[in-house]
Amino acid sequence: MITSKAIRLSFKEFFRSKQHQIVTSAPMVIKDDPTLMFTNAGMNQFKDIILGNAAVKYQRVADSQKCLRVSGKHNDLEEVGHDTYHHTMFEMLGNWSFGDYFKKEAIEWAWEYLTGVLKLDKERLYATVFEGAPDEHLDRDDEAASYWEQYLPKERIINGNKHDNFWEMGDTGPCGPCSEIHIDIRPDSERAEVDGLTLVNQNHPQVIEIWNLVFMQYNRKADGSLEPLPAKVIDTGMGFERLCMAVQGKLSNYDTDVFSPIIRKIGEISSATYGEDTKKDVAMRVIADHVRTIAFSITDGQLPTNAKAGYVIRRILRRAVRYGYTFLGMHESFMYRLIPILIEVMGEAYPELQAQQTLIEKVMKEEEESFLRTLETGIKMLEKNLPEKEGGVLSGAVAFQLYDTYGFPLDLTELILREHGMSADVHGFNVEMQKQKERARNAAATETGDWTRVQDGDPLFVGYDETESTTQILRYREVKQKSRKFYQIVLSRSPFYAEMGGQVGDSGWLISDDGSEKIEIFDTKRENNLAIHLANRLPGNMKSSFTARIDVEKRTATECNHTATHLMHEALRDVLGTHVEQKGSYVTPVLLRFDFSHFGKMTPEEIREVEKQVTTKIRGDFALEEHRHLPIEEAKAQGAIALFGEKYGDDVRTVRFGSSIELCGGTHISSTGCIGTFRIVSESAIAAGVRRIEAVTAKVCENYLYAKEDAIVEIQNLLNNVPDIMQGVQRLLMDNDEMKKQMQGFVKEKTEQLKQSIIQKRQDVNGITLFKVLLPIGLPEVVKDIAFQLKGEFPEKMLFVAGTVSNGKPTLTIMLSDDLVARGFHAGNMVREAARLIQGGGGGQPHFATAGGKNAEELHAAVNAIVEKLIEG
C-alpha cells in the first residue's frame, strides 16, 4: 500500500516536473487579513496575486496547504466525525497558474497524475463542468468539456449547476467556472446495482469529489455584474485525506494511515475498540480529527481563548473533550497524550509539530482540565434547574445558556435529562440560538462598495523614511457598517504604516495642495496586502495632489514601544532561556504587550533583571540597522529570529539594535536612546506555558513612575510622615494582626455560647436529636463550624438544620450523622428541595449541604420542610 507520506511527495514531484515552484504551506491561522481567521483553501496565500495587489513571482506554483474549515461559508464542523470524509483541519494539494497555462493543461495534468502516477481506475472517475447560467449570460463550459472528452466518455462528463460548478472567492472578487473530479470507490457489487453516475454530488460517502479545478476568468463587482479578469488564473484543490482513501482502497478517510494510528492510540487510552460501537466510533473520529486542528493551531501561534480565532479553537477542543467524556468515559485529560503519535504521522511534512511539542501538550492539557471542571459546573447547574417532576421539560433558555456558557451541546443536555425521565424544550433552544446568530450577523454586517478608480498606478509605502509625502488618490470605496459610513482610500505614495504584525496602523491627515482641505485619516488597515487609509469623508477634488502626513507624536510613541519589544525579547531569552519564543505582540502608542512561551511565573528578580538589561541597551543608544531585501537564509545565518506561525518570503527585512536582530516589517525608532525609560507593568499567564508582559516606555513610562512616586508620598502622609515607610507599614500590619487575634477570640467565645444555647434547645424527634436554628443574622462560616462541632459531639442519630440571613440573603445549612446517611437521607437532596421555598438552589455532600436564596420571608417554612422530610423518613 502506498503510504500517505509517499502520496504527498508524489504530488509535489509530479508538478515539479511540470516546472512548478513548490512552496511551503502558509500558516493555518491568518493574522493580517480582516476577512479571514483561518486558511480555508489553498489559494488563500495567493489572494494578493489573484487580486492584483502583489507581483507574480512564480507563474506556476504547487504545494500542500494545511487548511481549517469550521465557520462561515465553509462550515463543516457539525458533520465531522458523523461521516467518513469531512474534517476540520485538512490538507489541500494544489497547483496554480498565474497568467500562464489554463484549462487544457490543468485537465490534462490532473488526469495524468491520477491515472498515470497514482494508477486510479479510469472507469471509476467522473468529471463535472459548469452547465451555464442564462440569467448571467454565461454559457456552458464547452471548452472544459471538450478537453475532458479526450479522457472520458461523454456520459461521464456531467453538467453541474452554479452552486456546484461556479467558484467565487466571496460576494465580490475573482470567480469562474470549475470542473470537479469525482471517484466511485464502492465495491464492484454495489456499482453493478447502482450506476455511479446517479450518485455524483448526492452526498454519497463513497462517491465523492477529490479534486476541483477552478478556472478564474471573471471579476464579480459589488452590483453583482461580471467583468473579464485581465490575467486568467488556474486554482486547483485536492483533498489529501480523500485522495489517500481512494489510493489506499479504503471506504473511509479515518481508515487510512493518516488517521488510523491516532485512532488506535485513542482506543488504547480509553480501552475502546474502533468498529464495535457506533457512538464510540463517532467519538474516536471526532477526537482524531480535532487533535490535529488544535495542535496545528497552537504551532501557528493561536492559543485557545474566548475571542475570535481563539474561541473557535477552544470550541473545537471542547467538542472533542465532550465526546470523550460522554461516550468514552474519559473524565481526565487525555488528548495531549496523542501528540507523540500525531508527530509520527505528520511531523516529517510539518516539522513545527516536533519543535513545539512541549508547548502543544501543556496548552492542551490545561485546556482539557479547565473544561472538565467547567463540565462539572455545568452539570451542577443543570441539576439545579431540573424540572420538579419526572416528565418535566427544561426551558430552552436554560438549555441554551448551558450550550453558550459551558459548551454543553443540546444532545448532551438531552442525554442527562433522559436519565431523569425528562426532556428539553428544543424549539425554545433553537429560538435562542437564532437570536444569537442574528445578533452576530447584525454586529458584523458590512456593506462594501466597488472600488472607484481615480487614476492608474501602484501604491508605494515610504513610511520607513518619510513622515509626510506628496501623493495622489488611486482609488476609493464606500463602506457602511451598522449606522456608520466611512471611506477606504488607496494612495500612490504613503508614509502611513498599515496595521500588521501586531503594530497598530498610523493615523494622520490628507491635506490638499492649496491647504483648503484637511481630511483626517483615523486609521490605516491592511487588506489583501493593500494599505487602506480610513476617512470619514472624501476630498472635494479627488484628482488633486495631496500631502499625506502621519501623526508623528503617535508614530514615535509606537516606535519606542516596538523597539523596546525587540530589546525585551532578547533580554527574556537571556534571563529565562532560549526556549522563550514570541507567541503574540501588540504595539500601540500607549503600551506594548508581548506573549511568550515560558512555563512558570517570572520572579520579581527576573522581571527586574529584564528591565535592567533593556535599560542598559537604551542607555547604549544603539542605532537602527536595517536590511530591507536580505535573503532569508542569510538573515537566519546572522542570527535573526524567525517566528513560528509566520510565512516569510525569499527576501526579508531585518532590524538590528546592537545584538538584537529580528525579522520585522514594522517601524522603529532611530536609536534606542530615544526610548528614554522602560518599565514592565504586569506579567501574567494567558495559557499553559504562555506568559504575557505589558510594559510602557518614554512619556507614558514617565507618567507611570510619577504616579508611583505620588502614591509613596500619599502613603507617607497617611502614616504621619514616618521617615521609614516600610517600618511604618510593618507596624501597621502588626497592629492589624493583633486586632484580628482579639476579634477571633471574641468570635470563638460567642460561637461557643451560641453552640451551648443550641444544645440546650435540642429536640428529640422519633429518636433523632434535632438541632433547629433560626437566626435573623449569622455568619455562614460560624454556622458551618457549629454544625461540624455538633456532629463530633453527637455522632449518631443527629440532624442539624439552620436558617440564617447574611446581608439580606437567606441561607440553609444541613448536617446529618453518618448513620442517617446510611439510612438513605441525603443532605444535598434535602437542601436542594427546600431551597425552592426561598427562591434559590444549592447542594452538597450526603452528610453536609448548603443552599442560598432570595426570599428570606420563607426561611422558617424551608427549615420546617427539612424537618418534615426527616419525620416522613
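## Aromatic pairs

In this predicted model, the count of aromatic pairs comes to 27. Let's look at a couple of them. Trp-111 and Trp-148 have ring centres 6.4 Å apart and planes at 75 degrees, so they form an edge-to-face pair. This pair links distant parts of the chain, with Trp-111 in helix α3 (residues 103–117) and Trp-148 in helix α4 (residues 142–148), 37 residues apart. Both Trp-111 and Trp-148 are buried.

Phe-771 and Phe-794 also make an edge-to-face pair, because their planes stand at 65 degrees, with the ring centres 5.1 Å apart. Phe-771 belongs to strand β31 (residues 768–775), while Phe-794 is in the loop between α22 (780–793) and β32 (798–806), so the pair ties together parts 23 residues apart in sequence. Phe-771 is buried, as is Phe-794.

## A cluster of rings, and charges over rings

Rings also gather in a group: one aromatic cluster is formed by Phe-11, Phe-14, Phe-15, Tyr-113 and Trp-211.

Elsewhere, charged side chains meet aromatic faces. Arg-315 places its charged end over the ring of Tyr-403, 4.9 Å from the ring centre. Lys-365 lies over the face of Tyr-336, and here the distance to the ring centre is 5.6 Å.

## Arg-186, a buried arginine

Arg-186 is worth a visit in your viewer. You will find Arg-186 in the loop between β7 (173–184) and α6 (188–193). Its relative accessibility is 2%, and since buried means under 20%, Arg-186 counts as buried.

What does the side chain of Arg-186 make a polar contact with? One partner is the side chain of Asp-184, at 2.7 Å. Leaving aside residues up to four places away in sequence, Arg-186 touches Arg-124, Arg-191, Val-194, Asp-195, Gly-196, Leu-199, His-204, Gln-206 and Val-207.

## The second largest pocket

Next, a pocket. The second largest pocket has a volume of about 310 Å³. Its lining is made up of Ile-607, Arg-608, Glu-611, Lys-612, Thr-615, Arg-679, Ile-680, Tyr-704, Leu-705 and Lys-708.

Which elements give two or more residues to this lining? They are α18 (604–619), β28 (678–687) and α20 (698–718). Of the elements, α18 gives the most to the lining of the second largest pocket, with five residues.

Technical notes
Residues are numbered from 1 along each chain as its sequence is written. This is a predicted model: local features need pLDDT of at least 70, side-chain atom pairs count only at pLDDT 80 or more; totals for chains, interfaces and linings use all residues. Side-chain values use heavy atoms; hydrogens and water are left out. Helices (H or I, at least four residues) and strands (E, at least two) are DSSP runs, numbered from the N terminus. Buried means under 20% relative accessible area, exposed over 50%, partly exposed in between (1.4 Å probe, protein chains only). A polar contact is a pair of N or O atoms within 3.5 Å; within protein, one must be able to donate a hydrogen and the other to accept it, and residues adjacent in sequence count only if both atoms are side-chain atoms. Contact means heavy atoms within 4.5 Å. Rings of Phe, Tyr and Trp (its six-membered ring) pair if their centres lie within 6.5 Å; planes under 30 degrees apart count as stacked, over 60 as edge-to-face and the rest as tilted. A charge sits over a ring if NZ of Lys or CZ of Arg is within 6 Å of the ring centre and within 35 degrees of the ring normal. On a 1 Å grid over the protein atoms alone, a cavity is a set of points where a 1.4 Å probe fits but cannot get out, and a pocket is an open set with protein on both sides within 12 Å along at least five of seven lines; lining residues have an atom within 4 Å of a point. Grid points are joined across faces, edges and corners, and a volume is the space filled by probe spheres set on the points.
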